[in-house]
Amino acid sequence: MRPPALLRGVDRGAFAVALAGRLRRAGVPAGLTDIDDFVRALAASPPDSMSSLYWTARISLVRRHADVAAFDRVFAAIFADPPPLPRPRRSAPPAAGHDDVYVRVPADTDDTGSGGGLPWATLPPAVAETSAPDTALRLPERRPSLHTGLADRPFDQLDAAQLTQLGDALRAAVAGWPTRRTRRHTTGAAGTRVALRATIARARRTGWEPVEVVFARPVRKPRRVVLLCDVSESMRAQATAYLHLMRAFAVVTDAEVFAFATTLTRLTVVLRHTSAAEAVGQASAAVTDRYGGTRIATNLRALLTSHHAEATRGAVVVIGSDGWDADPPAELAAVMARLSRRAYRIVWLNPRAGAPGFAPRVGGMAAALPYCDRMLPAGTFQDLLVVARQLQSVTCTDGRKWPTLTPAPRIIA
C-alpha cells in the first residue's frame, strides 16, 4: 500500500513560492521558471516521504553545484527531520574565518597567493539565517480578487474608479457575444448545401460540365439587443452602473440603448465614445429628465411608434427598472403585450429582485411580468456580471422558449 502524500491539502503553488523565497534569501537563485518546474513536479509525483520531497525540490530549484550547501541548510531549517543525504566535499560550508568561497581554476603557475583560487563575484556567500528566530515556513496570504471584493457591494457604495472597473468587466463579459443562424446563405468550403447558381456559373468554363461543385453555408450574425434603463429618482443608486452596462452592449454588440424617466432618450451614439468616463458623462447630460418621475408605459409606446421600432423586431429587449410606474398598470400590460409579439425575448432587470422575500406586488411590475421571459436581480456588481452571462444564453436558436413568468413569491431566475 502506497503511503499518503506529505503535502495533502496544501496549496502547491504557495508552498513552492514560500520555499523559493527562503532559498533566495539564502543566496540560491530560484526564479519563476524553477518554481514552475517544482509545482509541476509536485503535481506529477506527489512526495510520500521526506527524501522524495528533498530530491524533488533539489532537482527543480537548484541549478548549480555550488548552491547545494545553501539548499541543504534551508531545507534542514524548515523540516525538523531532514533525510540523511550524502554531501559532496565541494558542497560543504566554508571553514571558519573565511569570508568568501574560493573556487580552484586551472592555471600554468602555482602562485595563487595566500587565499588561493578565484573569489566568487557574481553570487554572495550562502549563509544560514540567524537573525530570524522563527524557522517555520511562511506561506503567502491569499486575498480575494478585486471583483470578488466588490461582488456584493451596492452600487451607491462604489466610487468612480470602481464603476470604471465594473464597465471594463462588463465589456469583457460580453466580448464573446454568440451569433445566430439567418436565412441568408453564402458560398464557402464549410457549406453542406450545393449553391446551384455558383456551380452552373463555373460550369461555363468546362463545357457546362459541373466539374467544380460550389457549396453554400448559412450566414451567422449576432442577435440584436435593445436596452431600456430607468433613470428616475427611485433608480438613482443604479443609474450610473446601468449606463456602464448599456455602454458595454453598445460598444461590443452594436446594440440600441435608451434611457427613460418621463421621456425616452436614445443614447446609442453617445455611449460609443472611446472613453468610458466621457461617455457616461455625456449620457448623463443628455438625459434632461434624470432623477424625475417614471412613465414606463408611455416610453415603451413611444419606442414602438418611432422609427426605431424596427430594432425591436426579433431582438432581445432588456428593461432595467424597479417597476414603479406612474402610468396605469393596464396601459403597461397592453404595451408589453405588443412588445412581446415583436421581440425575440424580453428580460427584466430589477435591482430589488435579489432581496430575500421579494415578490412583484407593485402594480406596474405585476402587470409587466406575464410578458417577460425572465426577470433577473441586478442590484450589485456580481449581479450585473451574471446578467451579462445570462443574456448570452438568451440568444440560443434551438427553438426552445423560456417559460413565461407569473406573479409568485419566488420568481428569481
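**Salt bridges and helix packing**

Student: What is the relative accessible area of Arg352?
Tutor: First, a note on the model: it is predicted, local features need pLDDT of at least 70, side-chain atom pairs count only at pLDDT 80 or more, and totals for chains, interfaces and linings use all residues. Residues are numbered from 1 along each chain as its sequence is written, and side-chain values use heavy atoms, with hydrogens and water left out. We call a residue buried under 20% relative accessible area, exposed over 50%, and partly exposed in between (1.4 Å probe, protein chains only). Arg352 is partly exposed, and its value is 37%.

Student: Which residue forms a salt bridge with Arg352?
Tutor: Side chains of opposite charge can pair when their charged atoms come close. A salt bridge here is a side-chain nitrogen of Lys or Arg within 4 Å of a carboxyl oxygen of Asp or Glu. For Arg352, the N to O distance is 3.0 Å, and the partner is Asp322.

Student: How many residues apart are Asp322 and Arg352?
Tutor: Helices (H or I, at least four residues) and strands (E, at least two) are DSSP runs, numbered from the N terminus. Asp322 sits in the loop between β9 (316-320) and α11 (329-342), while Arg352 sits in the loop between β10 (345-350) and α12 (363-368). The pair links distant parts of the chain, 30 residues apart.

Student: Is Asp322 buried or exposed?
Tutor: Apply the cut-offs to its relative accessible area, which is 4%. By that value, Asp322 is buried.

Student: Which strand holds the partner of Arg266 in its salt bridge?
Tutor: Arg266 and Glu256 meet through their side chains at 2.9 Å, N to O. Arg266 lies in strand β8 (residues 264-266), so the pair ties together parts that are 10 residues apart in sequence. At 34% relative accessibility Arg266 is partly exposed, whereas Glu256 is buried at 16%. The strand that holds Glu256 is β7 (residues 256-260).

Student: How many salt bridges does a search of the whole structure find?
Tutor: Another of them joins Glu233 to Arg236, with the closest N and O atoms 2.9 Å apart. Both are partly exposed, Glu233 at 39% and Arg236 at 42%. The search of the whole structure finds 12.

Student: Are α6 and α13 roughly parallel or roughly antiparallel?
Tutor: Axes are lines fitted to C-alpha atoms, for helices over the stretch in contact, and angles run from 0 to 180 degrees between N-to-C directions. Angles under 35 degrees count as roughly parallel, over 145 as roughly antiparallel, 65 to 115 as roughly perpendicular and the rest as oblique. The axes of α6 (residues 160-173) and α13 (residues 381-394) come within 9 Å and cross at roughly 20°. The two helices are therefore roughly parallel.

Student: How many residues in the contact of α6 with α13 are nonpolar?
Tutor: Contact means heavy atoms within 4.5 Å, and the residues that meet include Leu166 and Ala169 in α6 and Phe381 and Leu384 in α13. Ala, Val, Leu, Ile, Met, Phe, Trp, Tyr, Cys and Pro count as nonpolar, Asp, Glu, Lys and Arg as charged, and the others, Gly among them, as polar. Three of the contact residues are polar and none is charged, and the nonpolar count is eight.

Student: What percentage of the 413 residues is buried?
Tutor: The whole protein has 13 helices and 11 strands. Its buried residues make up 41%.
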